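User: I am new to this structure. Please walk me through the terms as they come up.

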Amino acid sequence: MKKYLLPILMLLLFEAVAVVLWLTKDNLFYLFNFSYIGFSIALGLFLFIRKYRHARRVVQLLVGLYMLVYLGLICGENMQIEGFWYYLFTGVFEAATIHYAVAKIFGPLIFGRGWCGYACWTAMVLDFLPYKVPAEPRKKLSWIRYLTFGLSLVFVAALFLAKAANIERIMFWAFIIGNIAYYAVGVALALLLRDNRAFCKYVCPITVFLKPMSYFSLFRIRCDESRCVSCGKCKLVCPMDVDVTDNSRKRKNGTECILCMECVKNCPKKAL
Ligand code: SF4
Ligand code: SF4
Ligand code: SF4
């Protein structure tokens, strides 16, 4: 049972969030929502421990499709960053605001960028592309994320300043168009730069939250230096160019780690 402690803890953590939000917001949706996500993540961790090769992809599809199809398209919630700004401006601490607080702002203090490895519906599609490991060195393009972050804020602020009618409807369409744009740019960049995660590295505005918060992450991959033989395999399989053998928080690209476990699976000495 001891080896299943992590999935059990993850399930309990999400269940705690689910129950607290259900009771404080008096809304059964939160119980269902966070229980489902917690169960999906715990299932993925369980499958990983059982050495199932596609464990992470199972979680990514379970959570990503649920958010995109059920919350986004069926419930009409804009779960992209524009939705977060929208709810923040309206002063409503619900839906996208809670999602951002849990998954992308405070959650990364515990589980780092687990969102990016196991739940994001943009990466869910990008991870089907052929360049799972970047075929080219990293480019100096990460400034683009600040531009997209600023543009998303300006877009929503402008709607409020202009007192646009039917903002809720606009936000729904912004979600559809925004996702189409993310997929188009993400696929184009991945093929152009031969790197499935190029969009995550250079363009995604959410990383403006994710990176600083995940710097302090409780869960992180650590290297047992007494076992490591410096073969470099871990770095060869990393989709995010993380210098994972350096245990310091300042490790190169440390805030890019998506906890995909490829380095762990491929280390011949079980040093990670
Ligand atoms: S960086 Fe952005 S697009 Fe990439 S997985 Fe994370 S949230 Fe999704
Ligand atoms: S794959 Fe394992 S042994 Fe090789 S460098 Fe990485 S941590 Fe060390
Ligand atoms: S391969 Fe290892 S260091 Fe790289 S992103 Fe995945 S878990 Fe993080």
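Analyst: The C-alpha centres of domain 1 and domain 2 lie 26 Å apart. Domain 1 covers 80-214 and domain 2 covers 220-272; such bounds come from an automatic or database domain assignment. This is a predicted model: local features need pLDDT of at least 70, side-chain atom pairs count only at pLDDT 80 or more, and totals for chains, interfaces and linings use all residues. Residues are numbered from 1 along each chain as its sequence is written, while chains are lettered from A and ligands numbered from 1 in the order in which they are written.

User: What makes up the contact between the domains?

Analyst: Two residues are in contact if their C-beta atoms, placed from the backbone, lie within 7 Å. The contact takes 14 residues from domain 1 and twelve from domain 2.

User: Which elements give two or more residues to the domain 1 side?

Analyst: They are α7 (114-118) and α12 (207-214). Helices are DSSP runs of H or I with at least four residues, numbered from the N terminus. α7 gives the most, with three residues.

User: Which residues are closest to ligand 2?

Analyst: Cys228, Cys231, Lys233, Cys234 and Cys267 are the closest of 13. Lys233 therefore counts as charged.

How values were computed. A residue is near a molecule or strand if its C-beta atom, placed from the backbone, lies within 6 Å of it.
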